[in-house]
Amino acid sequence: YTIKESDFEMFNKFVMKRIKDGNFVVEEAEENEKVKKEEEVHNILLRQPQPQSRQLHPQCTNNCSNIVSGNDNVITKSSGSNGTFDANVLSSTPLPLNGKFKFSVTVLKTQNSYIYCGVAPSSFDINGTNRYSSYGWYLQLQNGNCYSAASGSPSYLGRRVNANERIDVIVDRDNTTISFVVNGNDASNAYSGAFNRSDDLRACVILSYVNDSVRIGPIEIIN
């Protein structure tokens, strides 16, 4: 038999097909391995502890005579005197005893930003007036200063917080610090060593002007 040029062409096609088939098998195996690894990572993530959140349930002051608690934790001062800090809201849900976490306060409506938001002990008197001067650690929205009975009113943000702005109150139990983040901008620690790790702390908002309204967000575990 005399080998023809066409025989070489047929042989080359056969060899190339085997190489191509082999590459396909290798690529398919690599793809299967990639999918397998992605599934393993996904399963690991599912087993990790997931961030927790729970909704705050505010208590009202003066038997709700000057506070209206609406849907989605919207809090409004409905009566009383303007300029008097007599509309107190203290969460009935204690803040976690461990780790770092936050809750938000979104200003929905305000006349002059005469609002305090922050953290107070469970002994806070929700029926009193100007109770921020005796209990808790706050951000004053009217001037952006901090306020507590121990430290007075040091400068913090350097500006007023207005309607449609959001404050995240961040509490670090392990390092006993409180800080405030406004619209995602971190202004560093506002309070250090202000409380004991075992203290029963609550979210707290104090309103002064009638029709001022805020929304208190859920507790979110940071780490």
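**View 1. Serine 113, a buried residue in a loop.** Serine 113 is buried, with a relative accessible area of 2%. The structure shown here is a predicted model. Serine 113 lies in the loop that joins strand E6 (100-109) to strand E7 (115-121). Although serine 113 is not a glycine, its phi is positive, at about 60°.

**View 2. Asparagine 164, an exposed residue in a loop.** The loop between strand E9 (146-148) and strand E10 (166-172) holds asparagine 164. Asparagine 164 has a relative accessibility of 68% and therefore counts as exposed, the cut-off being over 50%. The phi of asparagine 164 is near 70°, a positive value in a residue other than glycine.

**View 3. Cysteine 117, a buried cysteine.** Cysteine 117 has a relative accessible area of 0% and is therefore buried. The closest cysteine sulfur to that of cysteine 117 belongs to cysteine 204, at 9.3 Å.

View 4. A disulfide is a covalent bond that links the sulfur atoms of two cysteines. Cysteine 204 takes part in no disulfide, and its nearest cysteine sulfur, that of cysteine 117, is 9.3 Å away. Cysteine 204 is buried, with a relative accessible area of 0%.

Note on methods: Residues numbered from 1 in each chain as written. Predicted model: local features only at pLDDT ≥ 70, side-chain atom pairs only at ≥ 80, totals over all residues. Heavy atoms only, no water. Helix = DSSP H or I, 4+ residues; strand = E, 2+ residues; numbered from the N terminus. Buried < 20%, exposed > 50% of the residue type's maximum accessible area, 1.4 Å probe, protein only. Disulfide = S-S within 2.5 Å.
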